[in-house]
Amino acid sequence: MAKHEVKSPIPGTFYRKPAPDQPPFKEVGDTVAKGDTVAIVEVMKSFHEIKSDGDGNITAFPIDDAEPVMAGQTIVELD
Amino acid sequence: MKTGNISKLLIANRGEIAVRVIRAARDLGIATVQVYSDADKDSRAVQMADETINIGPPQAAKSYLDIEAILKAARDTGADAIHPGYGFLSENAGFADAVADAGLIFVGPSGDTIRLMGDKAAARAEAKKANVPTVPGSDGVIGDMQEAAKLADEIGYPVMIKAAAGGGGRGIRIADSAEEFLSLAPQASSEAKAAFGDGGIYIEKVIERARHIEVQVLGDGEDVVHFHERECSLQRRRQKVWEEAPSSALNENVRDKLCASAVALAKSVNYKGAGTIEYLYDDETGDFYFIEMNTRIQVEHPVTEMICGFDLVAEMIAIAGGAKLRVSQDDVAAKGHAIEVRLNAEDPANNFMPFPGVVGELLAPDGPGVRFDHMLYPGYAVPPFYDSLLGKLIVWAEDRDKALLRLKRALGELQVDGLATTKPLFEALLESEDLRAGKVHTRWLEPWLENNLNRIKQKEGSNS
């Protein structure tokens, strides 16, 4: 059970990278601090950075890159 | 009934334009096939079409942009033609080719025409050849900086320095003097090199207070007819939000020249289908300059239909089916004034934040001179995966002042619960003296938005 779950505030398409040809913002095992950008969600052709609202080590990304996400769905699990 | 060679039309699009195309096909007696992604199975177009077929997951790249999936859908349903709508694959030359190669009819120009007019430099050269004025600038990429500065002097400052490989406003610099030019141009070149892998830059005159004016044409491969102009100067981040026909800025002399130049350009490329030739218009000098051609039906086509009385979508389908133009230039008379506003699922009081959600109560405006092209119904969940356009409210009246009053009336009748929409923006805009007087240009709206946030918030408050 993750200690903290970062949820997407908006629905859309979930991206782990800032651009298709760039590496992901974060990988499993990375440390994140509150305010770090962990993903981008594209909603109606506009792109929004999702920032972590907790500190910890990333244990999982429950959604794959470029897949649909619902508002309130967990996108990063922290330990 | 067959219209030319088309008896069953597949719509390779979604949203309000899919609804619009289904209506045109039905008016022509043509059966319809609506493709849909997993996110669109409950869409209005799917409910309306004669047949429907799933083409993949919500992401456009895996559905509405998947050429193979769309061609397979056409084969599986026995469709003989494909209408691409706007956006998605509508200006994809490879798609137009693939449709033709599959033995189907593409409702639009050939892949070659799309390729030619889609290449900015080639389209500009084509316009020059047809004696259509283009924005003064360098002939292609500039080499020597001192030579370029001399040319910039001749054109007159300010000039725009643009990356040849750029787009979407990236890599643009504006120089006000020769000194500035000589410091900015190398900078722009190295930035372009870093961003696009190509340091090529070219220069264009800055048209300070330009209006965006465009001419609607229909061609059958030989003849071309124009349907007068639209003005779309109200833009936010280069996206049109409010369109009118005719433009209130043109006199008859300029209007005739503008429309004639659009016909000349379309004829020079043997244009087939519906197309729009876009221009910048300089109020101060009365000069107009070609910017680009859109080789598809446009979002704002209804304002033209309202003043001219023709169904442009039906005509483009008939032409694709092999018909000659059914309209001659003498048949096309512009009457009255039309205004369209784009109802987007965005919150104009919150930096136009997209607002997908579920439609609650819906009251559609109606009555004389009002048209509402949309995809809404109560309970409809607007998906977050596509653009935010929900519909277009179009009004017509005998003149512009009456059309503005009618727009106010129609907006008052419109109620879309459950979503934030751009309706309050238009209610606030209707109070602008500049807008009412038609004193606008392409860079008018953005500063107005900054200065009128409270007015928009107040309108939003009185709607909820």
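**Close-up views of a helix pair and a sheet**

The crossing of α7(B) and α8(B) is right-handed (left-handed if the near helix is turned anticlockwise from the far one by less than a right angle, right-handed if clockwise). The model is predicted: local features need pLDDT of at least 70, side-chain atom pairs count only at pLDDT 80 or more, and totals for chains, interfaces and linings use all residues. Residues are numbered from 1 along each chain as its sequence is written, chains are lettered from A and ligands numbered from 1 in the order in which they are written.

**View 1. Crossing of α7 and α8 in chain B.** The axes of α7 (residues 145-155) and α8 (residues 178-196) come within 10 Å and cross at roughly 135°. α7(B) is therefore oblique to α8(B). Axes are lines fitted to C-alpha atoms, for helices over the stretch in contact; angles run from 0 to 180 degrees between N-to-C directions. Under 35 degrees counts as roughly parallel, over 145 as roughly antiparallel, 65 to 115 as roughly perpendicular, the rest as oblique.

**View 2. Residues where α7(B) meets α8(B).** From α7(B) come B:Met145, B:Ala148, B:Ala149, B:Ala152 and B:Asp153. They meet B:Ala178, B:Phe181, B:Leu182, B:Ala185 and B:Pro186 of α8(B) (contact: C-beta atoms, placed from the backbone, within 7 Å). These contact residues divide into 9 nonpolar, no polar and 1 charged (nonpolar: Ala, Val, Leu, Ile, Met, Phe, Trp, Tyr, Cys and Pro; charged: Asp, Glu, Lys and Arg; polar: the others, Gly among them).

**View 3. Open sheet of chain A.** Its 4 strands run in the order β5-β4-β2-β7, with antiparallel pairing (strands pair if DSSP finds at least two bridges between them; helices, H or I, at least four residues, and strands, E, at least two, are DSSP runs numbered from the N terminus). β5 (46-51) and β7 (67-69) stand at the edges, each with a single partner strand, so one side of each lacks a neighbour in the sheet.

**View 4. β2 beside β7 in chain A.** 3 bridges join β2 (residues 12-15) to β7(A), and the two run antiparallel. A:Gly12 has A:Val69 as its bridge partner in β7(A).

Note on methods:
Contact = placed C-beta atoms within 7 Å.
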